[in-house]
Amino acid sequence: MSEQVEKAFQKQVGIFQNPKASKKVKAKNLRWYKDVGLGFKTPKEAIEGHYIDKKCPWTGEVSIRGRILTGVVVSVKMKRTIIVRREYLHYVTKYNRYEKRHKNLAAHLSPAFVGVSPGDIVTVGQCRPLSKTVRFNVLKVQKRIQKGPKQFAKF
Amino acid sequence: MGISRDSRHKRSHTGAKRAQYRKKRKFELGRQAGNTKLGPKRIHEVRVRGGNRKFRALRLDSGNFSWGSESITKKTRIIAVVYNASNNELVRTNTLVKGAIIQIDATPFRQWFEAHYAQPLGRRKKKEGQAESEELSKKRSKHVQRKIDSRKEDAKVDPLLDDQFTTGRLYAIIRSRPGQIGRADGYILEGKELEFYVRKIKSKK
C-alpha cells in the first residue's frame, strides 16, 4: 500500500484491522466513511479508495457545519489543500457604482478529488479549524468549461 | 515562564505583522510539558480551567494494554520506548507520549492465553525431560475441558507475535495521553501495523 508515506502508521482510527484469521469477517478493504449531509454526494473514491486522511469530510473526523461557499481554484500547489478565490462587488455610495473585490480562502482538498486544477469551480463547507488558516473543506468540484475553440490542455 | 497559546503573536494569513493591543490572558495559558519518563509512579495533580483536574504523570512504569484480536486487556509493566515517529530524542530519553511504540512485559498475556486455550505460547523448544508448565498440564473439569476444546481452532497466533512472546516482550503503542490523564494505556501492535513498525525499528538500528 503506497499510502504509508509518513513515519507513523496511517490508518483510520477506530476501525480494528486485525481480527483473527479464523474469524469469518473477510472485508478486503475495511474502511469507514460517512455522509456529510446537506445533499452532498460522497465520492466513489472516498468509499473505494485506500487513502488515509483524517481531515477528509467523508473518511475523516471533521464535520461540515456553518457556511457553504463557492469559488474558483487558484492554486493546487500545497499538500492536500488549495486556495480558492471568491470574487464579489462592493458598492461605493458616493459614485453609485460597484468595484471588484476578492478574497482568497484556504480549503482542505480530500484525496477523493483527483485532477483538480486551477480554474475549476469548487464548493467548500465550513468545518472546525484544521490549521492556522484552513477552516473549509472541499465538498464538490466542477471542472472548468472550455469556452470557444479548444485550447491546449495538459493531460 | 509565560507559555501562551494565543495566535495574536503570529503573522496573519496575508503576512501582516499583528500589533499587540492587549496583554496575555489567563485563558490562553500553556503549561510546561510533562515529559513522562519510565520509573516508579509519580503523578502530580493540576487544577485546570473550570476547577477540573489533570493528572500530569511524571514517571510511570506500567499501563493497561489490550490485545485486540483476543479482546482482552491486562495491566503490564512497560520496559522501554523503542520508536517515536516525531522525535528520536524521545526514544533516547525513554519518554512516554501518545503514539510512542514501546515494549511491554508479555507474561500476563501469556498466562491468560495458556489458561484460556491450554496451549503453549512462546515456549522455546523443550528439552527431553522438562516438565510442562503447571498451567498447561493441570487437571480440568469436564465442563472446562469442553470449553477449551471448542476454542481450539481460534488459538492460532500470528508468527510475528509468537516470536515476541518467546522473548517475553511485546511491541505496543501508547494511545492515552500520560501528561493529561496520568496513565499510559494502549494496545498491542498486530498485523500490518506491527510489520510497519518492526521495519522502521530495524532500519533505524
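Figure 1. Chain A exposes about 10800 Å², of which carbon and sulfur atoms supply 55%. The model shown here, as in every view below, is predicted. Chain A has one helix and five strands, and from the N terminus on these elements follow the order α-β-β-β-β-β. Of the 155 residues in chain A, 34% are buried. Of the contacts in chain A between residues at least 6 apart in sequence, 51% join residues at least 24 apart.

Figure 2. A:Ala46 counts as buried because its relative accessibility is 0%, the cut-off for buried being under 20%. Leaving aside residues up to four places away in sequence, A:Ala46 touches A:Arg31, A:Tyr51, A:Trp58, A:Thr59 and A:Ala112. A:Asn29 lies 17 residues from A:Ala46 in sequence, and the C-alpha atoms of the two are 12 Å apart in space.

Figure 3. Strands of a sheet pair through backbone hydrogen bonds, in either a parallel or an antiparallel sense. Strand 5 of chain A (residues 136–142) runs parallel to strand 3 of chain A (residues 97–108), and two bridges join them. Strand 4 of chain A (residues 121–126) pairs with strand 5 of chain A in the antiparallel sense, over six bridges. Here A:Val122 stands opposite A:Val141, a residue of strand 5.

**Figure 4. The three-stranded open sheet of chain B.** This sheet of chain B is open, has the strand order 1-3-2 and shows mixed pairing. Its edge strands are strand 1 (37–38) and strand 2 (42–47) of chain B, each of which pairs on one side only. Strand 1 of chain B and strand 3 of chain B (residues 53–60) run parallel and are joined by two bridges. B:Lys37 has B:Arg59, in strand 3 of chain B, as its bridge partner. In a regular strand the side chains alternate between the two faces of the sheet.

Figure 5. The secondary structure of chain B consists of seven helices and eight strands. Chain B is more spread out than a compact globule, because its radius of gyration of 23 Å is well over the 17 Å that the globule rule gives for 205 residues. The C-alpha trace of chain B spans about 80 × 40 × 30 Å along its principal axes. Buried residues make up 36% of the 205 residues of chain B. Among contacts in chain B with a separation of 6 or more, 54% are between residues 24 or more positions apart.

**Figure 6. Surface and charged side chains of chain B.** Chain B carries 51 positive and 22 negative side chains. The centres of these two sets lie 13 Å apart.

Key
Residues numbered from 1 in each chain as written. Chains lettered and ligands numbered in written order. Predicted model: local features only at pLDDT ≥ 70, side-chain atom pairs only at ≥ 80, totals over all residues. Heavy atoms only, no water. Helix = DSSP H or I, 4+ residues; strand = E, 2+ residues; numbered from the N terminus. Rg over C-alpha atoms; globule rule 2.2 N^0.38 Å. Buried < 20%, exposed > 50% of the residue type's maximum accessible area, 1.4 Å probe, protein only. Contact = heavy atoms within 4.5 Å. Lys, Arg positive; Asp, Glu negative; His and termini not counted. Charge placed at Lys NZ, Arg CZ, Asp CG, Glu CD. Pairing = 2+ DSSP bridges. Areas by Shrake-Rupley, 256 points an atom, 1.4 Å probe, with all protein chains shown as cover.
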